[in-house]
Every structure is written in C-alpha cells, then in structure tokens.
Amino acid sequence: MQKLKPYLISISLTLAIGALSALFTMNNMDIYQNITKPPIAPPSIVFPIVWTILYILMGISSARIYNKGGSLTVYFLQLFLNFCWSIIFFNYQAYLFAFLWLILLWISILYMILDFYKTDKLATYLQIPYLLWVTFAGILNLMIYLLN
C-alpha cells in the first residue's frame with residue numbers, strides 16, 4: 001500500500017484541481033454551445049472524458065517523478081496554468097488572452113516533459129497525450145477567437 005500511496009495522492013490531487021476548475025466554470029459551460037465553433041470542434045461531452053484520462057496519466061507521471069526524487073515544480077506550475085485557462089476562456093470569454101495563456105501552458109508542458117525525461121522516461125511518455133491535447137485545444141481556442 002505504501003507504494004500506491006504517492007499514486008493515489010497524485011492522481012486524486014490532479015483530478016481535484018481539474019474538478020475545481022470545472023466547478024468554477026460550470027455555470028458558463030453553455031457558452032461553448034452558443035459560440036461559433038470550427039468544424040474540428042468536438043462535442044462538449046468529449047472534454048470531460050479526455051480530461052479525466054489526461055489527469056489520471058498526469059497523476060501517474062508525477063507520482064513516478066516523486067518516487068524517483070525528481071522535481072515537481074514545473075508540474076505544479078503547468079497545473080496552475082491549466083486550472084486558470086478554463087476560467088479565462090469560459091468565465092471571462094477572453095478568447096485571445098486564453099489563447100496566449102494556452103501558449104504559456106504549452107511551453108510549460110514541453111519544459112516539464114524535457115525535465116521529466118532526465119528522471120523517468122515513462123513519466124515523460126505519459127505526458128505526451130497531454131501535450132498533444134493542449135496543442136489541439138490551442139488550435140481550437142485560436143479558431144474560436146477568430147470566429148467570434
């Protein structure tokens with residue numbers, strides 16, 4: 001059980017931060033339904049499914065880094081940036097600022113991946129779907145800004 005404890009804590013913490021962000025934006029989620037979206041925009045049901053999977057992978061990855069004595073500073077920085085993006089996009093509807101914020105998030109994820117690579121390759125690989133999804137989210141965010 002001691003070996004699982006860092007994983008349970010890390011996954012729970014990451015999911016809780018994602019859930020808190022969703023809670024802060026849930027009254028504004030209908031915005032996604034009402035804005036002009038590009039053809040590549042997935043249905044809104046896709047987002048909680050994908051984010052749950054990504055948060056679990058992120059939690060596993062960060063626990064592996066923790067277990068190997070690596071630094072989680074950049075992990076928590078990108079988690080904070082991730083948390084704030086939804087609020088900027090949905091609550092403030094500041095689509096251009098949200099896109100710029102997402103670029104900062106993307107850079108921090110890339111930096112985290114490079115940093116994790118020094119400590120644990122599997123932890124690094126578990127973050128790649130997150131980087132790819134944020135890349136897609138950036139394209140979607142930019143297109144929403146341009147269309148609205």
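**View 1. Helix α4, mostly tucked inside this predicted model.** Helices here are DSSP runs of H or I with at least four residues, numbered from the N terminus. Just past α4, Q93 has a positive phi of about 50°.

**View 2. The largest nonpolar core.** This set of buried Ala, Val, Leu, Ile, Met, Phe, Trp, Tyr and Cys residues, joined through side-chain atoms within 4.5 Å, has 40 members. Y32, W51, F89, I109 and Y130 have the most contacts inside it. Helices α2, α3, α4, α5 and α6 each give two or more residues, with the largest share, 11, coming from α4.

**View 3. Around I109.** Neighbours within four places in sequence aside, I109 is in contact (heavy atoms within 4.5 Å) with Q78, Y130, L131 and V134.

**View 4. L100 on helix α5.** L100 counts as partly exposed because its relative accessibility is 46%. L100 also belongs to a nonpolar surface patch, alongside residues including W106 and Y145.

**About the model.** Residues are numbered from 1 along each chain as its sequence is written, and side-chain values use heavy atoms, without hydrogens or water. Being a prediction, it needs pLDDT of at least 70 for local features and 80 or more for side-chain atom pairs, while totals for chains, interfaces and linings use all residues.

Note on methods:
Patch = residues over 30% accessible without salt bridge, like charges linked within 9 Å, V, L, I, M, F, W, Y side chains within 5 Å. Areas by Shrake-Rupley, 256 points an atom, 1.4 Å probe, with all protein chains shown as cover. Salt bridge = Lys/Arg side-chain N within 4 Å of Asp/Glu carboxyl O. Buried < 20%, exposed > 50% of the residue type's maximum accessible area, 1.4 Å probe, protein only.
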